[in-house]
Amino acid sequence: MKLQSELNKANLFQNLELLAQQVVEGFISGIHKSPFHGFSAEFAEHKIYNTGESTKHIDWKLFAKTDKLYTKRYEEETNLRCHMILDNSASMYYPEVKTLGVDNLNKVGFGVLAIAALMNILKRQRDAVGLSVYSDTYNFYTGEKGSERHHQMLLAKLSEISLDSTPAKSTETYAYLHLIAEKIKRRSLVFLFTDMFQTATDDEKLFEALRHLKYNKHEVVLFHLIDTATEFHFDFENTPKRFLDVETGEHIDLYSDNIKEAYEKEVGDYFAALKLKCAQYRIKYVDVDVKADFSKVLNTYLVERQKFL
């Protein structure tokens with residue numbers, strides 16, 4: 001496949017824009033009707049040019065015919081404001097991979113490529129996008145814009161994250177979600193990409209932070225990134241293994257089969273509680289297996305966009 005050959009060349013997402021474009025085009029080819037029809041800024045009508053206005057949209061062909069200055073009036077260029085939030089803590093770098101590719105992703109790699117793919121769609125629709133990244137600090141923030149320069153800057157930042165070999169050890173998701181919520185002033189569609197594993201485990205504080213994101217009438221989608229086989233089903237070879245908490249450094253030695261049933265129940269209960277709290281606060285919860293494709297993320301975006309506008 002052409003996509004696979006390009007992935008082999010694009011070591012560690014060095015050509016993130018190309019990969020994102022291929023993900024989106026592959027997604028579009030798999031649906032019957034393009035979701036992009038009617039979303040781009042289209043020419044609406046002419047209006048008389050007034051002295052002092054920008055000459056950017058003057059219709060020079062019409063000027064040649066009429067000897068009068070008219071400008072093209074366009075529909076509103078920005079239909080939607082979307083803010084992406086990415087958890088960049090150490091637990092997001094699981095599972096360990098040597099070279100990132102669409103079929104070989106850890107959680108942060110999946111989040112990076114998913115955001116880049118969404119940005120590709122937002123760019124086609126002339127929507128504005130912003131980005132926040134957090135771990136043990138509030139690493140990065142930029143507000144929502146729709147310019148090409150802004151788009152390239154975000155791609156560069158995402159590529160930088162995918163190349164990070166020394167992620168932060170700890171995270172306090174709730175603390176930084178509060179800060180992000182304070183910064184997003186205008187009504188936006190907010191996408192949070194996280195594995196919901198944090199060093200500080202005060203669930204009430206976490207859910208309060210999620211609720212804070214709903215202020216100012218934002219619509220919030222929580223993409224819960226997990227490696228389903230190992231992080232949910234605890235599917236490991238039943239030999240003595242050391243399991244290490246990459247954020248706290250704590251470890252335990254055991255046979256996976258000895259605790260598999262109890263582990264799956266505990267994790268399942270936590271995920272169910274999280275889903276219930278999200279429903280209570282009217283936050284859309286989407287569990288995403290990082291070993292699957294991106295259709296779940298992109299389909300969710302299309303549905304939420306239609307509801308938002």
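Which residues touch the most other members of the largest nonpolar core? Hi everyone, that's where I'd like to start, and please keep in mind that this is a predicted model. The core has 51 residues, and the ones touching the most other members are Met84, Leu86, Phe110, Leu158, Phe191, Phe193 and Phe223. The element that gives the most to this core is helix α4, residues 107–124, with twelve residues. Apart from this core lies another one, of 27 residues, including Ile85, Tyr176, Val190 and Cys278.

Let's move on to strand β6. Six of its six residues are buried, so the strand is largely enclosed by the rest of the structure. Leu189, Phe191 and Phe193 point one way, while Val190, Leu192 and Thr194 point the other way. For background, side chains in a regular strand alternate between the two faces of the sheet.

Now, the neighbours of β6. It pairs with β3 in the parallel sense, over five bridges, and there Ile85 stands opposite Leu192. Strand β7, residues 219–226, also runs parallel to β6, with six bridges joining them. Within β7, His224 is the bridge partner of Thr194. Phe223, leaving aside neighbours within four places in sequence, is in contact with Phe191, Leu192, Phe193, Thr194, Val286, Val288, Val297 and Thr300.

Last stop, helix α6, residues 173–183. Its buried residues are Thr173, Tyr174, Tyr176, Leu177, Ile180 and Ala181. Seen down the helix axis, they fall within an arc of 165°, so they line one face of α6. And what covers them? Thanks, everyone!

Conventions. Residues are numbered from 1 along each chain as its sequence is written. This is a predicted model: local features need pLDDT of at least 70, side-chain atom pairs count only at pLDDT 80 or more; totals for chains, interfaces and linings use all residues. Side-chain values use heavy atoms; hydrogens and water are left out. Buried means under 20% relative accessible area, exposed over 50%, partly exposed in between (1.4 Å probe, protein chains only). Helices (H or I, at least four residues) and strands (E, at least two) are DSSP runs, numbered from the N terminus. The arc is that of the directions from the helix axis to the C-beta atoms. Two strands pair if DSSP finds at least two bridges between them. A nonpolar core is a set of buried Ala, Val, Leu, Ile, Met, Phe, Trp, Tyr and Cys residues joined through side-chain atoms within 4.5 Å. Contact means heavy atoms within 4.5 Å.
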